[in-house]
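Subject: Structure handover

Hello,

The structure I promised is placed just under this paragraph. My notes on it follow; please read them next to the coordinates.

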Amino acid sequence: MNLDEFIKNFADVFDDTDASEITADTIFQDLDEWGSLINMSVIAMAKTKYGKTITGKEIRSCETVAELKALVESK
């Protein structure tokens, strides 16, 4: 799984957050737009793009986008 591709797919779930604001080191839960709907969209993105099932609790255990990518890869 390519990091740049993962960041792009992750950024695509946001409507109002500019993709340039999202990097591997972004603390995604601090983004203004982050909330339960985006959380669900990330779960759906992991399933549709990567065939991986993750939970909201697992997402909450991650801090950065890179950690989230590692979580998805570990499934």
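Asp12 has a relative accessibility of 47% and therefore counts as partly exposed; buried means under 20% relative accessible area, exposed over 50%, and partly exposed in between, with a 1.4 Å probe and protein chains only. Asp12 is bridged to Lys8, with 2.9 Å between the closest N and O atoms. A salt bridge here is a side-chain nitrogen of Lys or Arg within 4 Å of a carboxyl oxygen of Asp or Glu.

Before the rest, the conventions. This is a predicted model, in which local features need pLDDT of at least 70 and side-chain atom pairs count only at pLDDT 80 or more, while totals for chains, interfaces and linings use all residues. Residues are numbered from 1 along each chain as its sequence is written, and side-chain values use heavy atoms, with hydrogens and water left out.

Salt bridges

The count is 3 salt bridges. Besides the one between Lys8 and Asp12, there is a salt bridge between Glu58 and Lys75, where the closest N and O atoms are 2.4 Å apart. That pair links distant parts of the chain: Glu58 sits in helix H3 (residues 56-60) and Lys75 in the segment after helix H4 (65-74), 17 residues apart. Helices (H or I, at least four residues) and strands (E, at least two) are DSSP runs, numbered from the N terminus. Lys75 has 40% relative accessibility and so counts as partly exposed.

Another salt bridge joins Glu73 to Lys69, at 2.8 Å between the closest N and O atoms. Glu73 and Lys69 are separated by about one helical turn, because they are 4 residues apart in helix H4.

Not counting residues up to four places away in sequence, Glu73 touches Met1 and Lys52, where contact means heavy atoms within 4.5 Å. Between Glu73 and Lys52 the C-alpha to C-alpha distance is 8.1 Å, at 21 residues apart in sequence.

Aromatic pairs

A pair of aromatic rings is described by the distance of the centres and the angle of the planes. Rings of Phe, Tyr and Trp (its six-membered ring) pair if their centres lie within 6.5 Å; planes under 30 degrees apart count as stacked, over 60 as edge-to-face and the rest as tilted. The count by this rule is 5 aromatic pairs. One of them is Phe6 with Tyr50: the ring centres are 5.8 Å apart and the planes are at 35°, so the pair is tilted. The pair links distant parts of the chain, with Phe6 in helix H1 (residues 3-11) and Tyr50 in helix H2 (residues 36-50), 44 residues apart. Both Phe6 and Tyr50 are buried. Elsewhere, ring pairs link Phe10, Phe14, Phe28 and Trp34 into a cluster.

Which residues of H4 are buried? They are Val65, Leu68, Lys69, Leu71 and Val72. Seen down the axis of H4, these buried residues fall within an arc of 155°, so they line one face of the helix; the arc is that of the directions from the helix axis to the C-beta atoms. The buried residues of H4 pack against H1, H2 and H3.

Ala24 lies in the loop between H1 and H2 and is buried, with a relative accessible area of 18%. Leaving aside neighbours within four places in sequence, Ala24 is in contact with Leu3, Ile7, Thr64, Val65 and Ala66. The C-alpha atoms of Ala24 and Glu67 are separated by 8.2 Å, at 43 residues apart along the chain.

Whole chain

The chain has 4 helices and 0 strands, in the order α-α-α-α from the N terminus on. Its radius of gyration is 11 Å, which agrees with the value near 11 Å for a compact globule of 75 residues; the radius is taken over C-alpha atoms, and the globule rule is 2.2 Å times the number of residues to the power 0.38. The C-alpha trace spans about 30 × 25 × 20 Å along its principal axes. Of the 75 residues, 41% count as buried. Among contacts between residues at least 6 apart in sequence, 51% join residues at least 24 apart.

Regards
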